[in-house]
Amino acid sequence: MVNLETTYKEVVLSTMNRVFLTSIFLLIFSLLNTAIWASDSDDAKDGKKEEYDPVGTVVEHIADANEFHIWKGVHMPLPCILYAPGSGWTFFMTNKLDHGHTAVDRYVLNHGRVNRIADDSFPMGEVHIEGVEHVEEHHTDENGEEVIEEVAYAVYHDQKYKLEHASKWDGGVLGGGVTSFYDFSITKVVFTMLLAAVLLCWVFFLVARGYKRNDGKAPKGIQSFIEPIFIFMRDEVTIPMIGEKHYERFQPFIMTLFFFILFCNLLGLIPFFPGSANVTGNIAITLVLAVFTFIVTNINGNKHYWEHIFWMPGIPAWVKLILTPVEVLSLIIKPFSLMIRLFANISAGHIIILSFVGLIFLFGNMGENFGGATIGVLLGGVFTAFMNLIELLVAFIQAFVFAILSASYIGAAVEDAHHGDEAHAH
Amino acid sequence: MVSSVFLSSFPILLPDPGLIFWASLIFLAVYFFLGRVALKPIQKALKKREDDIQASLDEAKKAREEMSNLKAENEELLRQAQEERAAILKEAKETKENIIAEARDKAKEEAQRIVTNAKEEIENKRLEVITSVKNQLGLLAIDIAEKLTRNELKGNKEQETLANTLIDEIKFN
């Protein structure tokens, strides 16, 4: 009994110790983040003293890119896989584009992204260009309102060639639209997703091996770290949401969603090289995840589920006429809300942290004012440390919320008809 | 007006076909790989372990119940044995007392019988003695009668006196 008590005390003490050390580590880590991002944004273009543009900096950091910015002036080149209808596929590494000083098959790097010169008079192959120029163009839209649009031009032999962004599937409503080419490159976001996938597979391979090796024994190592999360997800998400009868079929899907989102979120919180990419804060990624939930939900929908959507039993016919369109709309709204929720939460977190880091440059007037920069570092450091801890929580919560809502939609689709339905029908 | 500028320069809100392609591919690959290699085996292993733990607990509970049952049974047996012992002792005591009483009765009876026999014997002996005396007297009487018969030959008077005397003598005896 005495022995047991001492062991218990030791465990509690060591756990407290660990929690304390972790907190200290996180604090130092967050302060370090601030410094790294600070030096990162210091990367002034072409030696010119430009005025600090907080919105532009933040947007550039949360956006996808065709190269991975590691340190001041150091980038990891990534493979480009580009398709232009008409001229076909083009493959090369981003370092070939020489940060906007070389065009390859009319492709030019602009703010870290591959753009294309749509003009057919521009030569194909590797061509040296003078650079990329950004011009604010004013024109009026169909409503007669003035619109300011930033347009980039490649300067070649003193001639300006307009640059086009890669095609976006927003139908043109948000300023994207289909252009002259598609970008299937391994971008920063794709690279991070691949990294998350590899990490995830590696971790779970070790865990699964642990179950084989320690069969009939207590879990060990990483197995005991993942097991409580796995059991929590099973007992709090899949079983209560989908039900004892069907949960085993859908559990791998829900678990993959949860851990994939979690790993991407956590990688996004690491401020330096392999991390920092805003993966789950990109609408394309959350769109894909939401579409998978939509597909899994609806191909598994039983008669009872479809009946409740198209002809809700137990209510007067005139109410059904109102309810059916609402239910049909909800088919789309549910995954749409999943998509927006994850995207908005993670993007917002990145934007807030980057904004706090931006305080250093605002207060310090781009490094001209040392006192201001010091105040900025202290203020930004404390705020960033706080936000990083919040974001760590959000990383878990958003992965959990996505998983639990997906599970509840699937649960509603496979739920068996209750015998009570006939009772409240009259 | 300004918002449209902001949105168009907000690239994360624009779904990129390339990202959609890669995200779908990576997610499906992860799903199929993890599902096959890790998630399903982990699920099974956890279930198996939980079932094993439940089975062990059930078994332990059963064993405990059996133990307590056994103990109760043992106690019952012991109690029964003790009762039996007491009963046997009681019976033995009763038997002993019975035997003693019986023996005493028998002894008494025997003594009685011996006494009775003795009495009978004495009586018999007495009767025998009397008979023998009577026989002797008879013989004596015969002898006397013989002597008288011989005396008859001398005179009647004397004969008669003698006979009477003899008879008186007999009666006296």
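A:Ile352 counts as partly exposed, because 16 C-beta neighbours lie inside 10 Å, whereas a buried residue would need 20 or more. The model in which this residue is described is a predicted one. A:Ile352 belongs to helix α8 of chain A. In sequence, A:Ile352 and A:Asn388 are separated by 36 residues, while in space their C-alpha atoms are 9.8 Å apart.

Helix α8 of chain A comprises 47 residues and covers residues 317-363. From its first C-alpha to its last, this helix reaches 65 Å, which is close to the 69 Å expected at 1.5 Å a residue. The course of α8(A) includes a kink of about 35° at A:Leu331. This kink is placed shortly before a proline, A:Pro335.

Chain A as a whole contains ten helices and twelve strands. Of its 426 residues, 36% are buried. Among the contacts in chain A that link residues at least 6 apart in sequence, 62% are between residues at least 24 apart. The domain assignment divides chain A into domain 1, residues 79-185, and domain 2, residues 190-423. A distance of 34 Å lies between the C-alpha centres of domain 1 of chain A and domain 2 of chain A.

Two residues of chain A call for comment on their backbone angles. Most residues other than glycine have a negative phi. A:Asp98, although not a glycine, has a positive phi of about 50°. A:Asp98 is situated in the loop that links β4 (88-93) and β5 (102-104) of chain A. A:Asp98 is classed as partly exposed because 15 other C-beta atoms are found within 10 Å. A:His111 likewise is not a glycine and has a positive phi, of about 55°. The loop between β6 (107-110) and β7 (113-117) of chain A holds A:His111. With 16 C-beta neighbours inside 10 Å, A:His111 is therefore partly exposed.

The contact between the two chains draws 54 residues from chain A and 38 residues from chain B. On the side of chain B that touches chain A, the elements giving two or more residues are α1 (2-8) and α2 (17-152) of chain B. The most is given by α2(B), with 25 residues.

Within chain A, helix α6 (residues 283-299) has the highest confidence, at 95. The lowest is found in helix α10 (residues 420-423) of chain A, where the mean is 46. Residues 34-48 of chain A have a pLDDT that stays under 50, and for this stretch the model has 21 contacts beyond four places in sequence. The pLDDT is also below 50 over residues 420-426 of chain A, a stretch with five contacts in the model beyond near neighbours in sequence. Where pLDDT is low, the predicted coordinates should not be read in detail.

Key. Residues numbered from 1 in each chain as written. Chains lettered and ligands numbered in written order. Predicted model: local features only at pLDDT ≥ 70, side-chain atom pairs only at ≥ 80, totals over all residues. Helix = DSSP H or I, 4+ residues; strand = E, 2+ residues; numbered from the N terminus. Expected span 1.5 Å × (residues − 1). Bend = angle between axes of the 7 residues up to and from the residue. Contact = placed C-beta atoms within 7 Å. Buried ≥ 20, exposed ≤ 12 C-beta atoms within 10 Å, placed from the backbone. pLDDT = per-residue confidence, 0-100. Domains from an automatic or database assignment.
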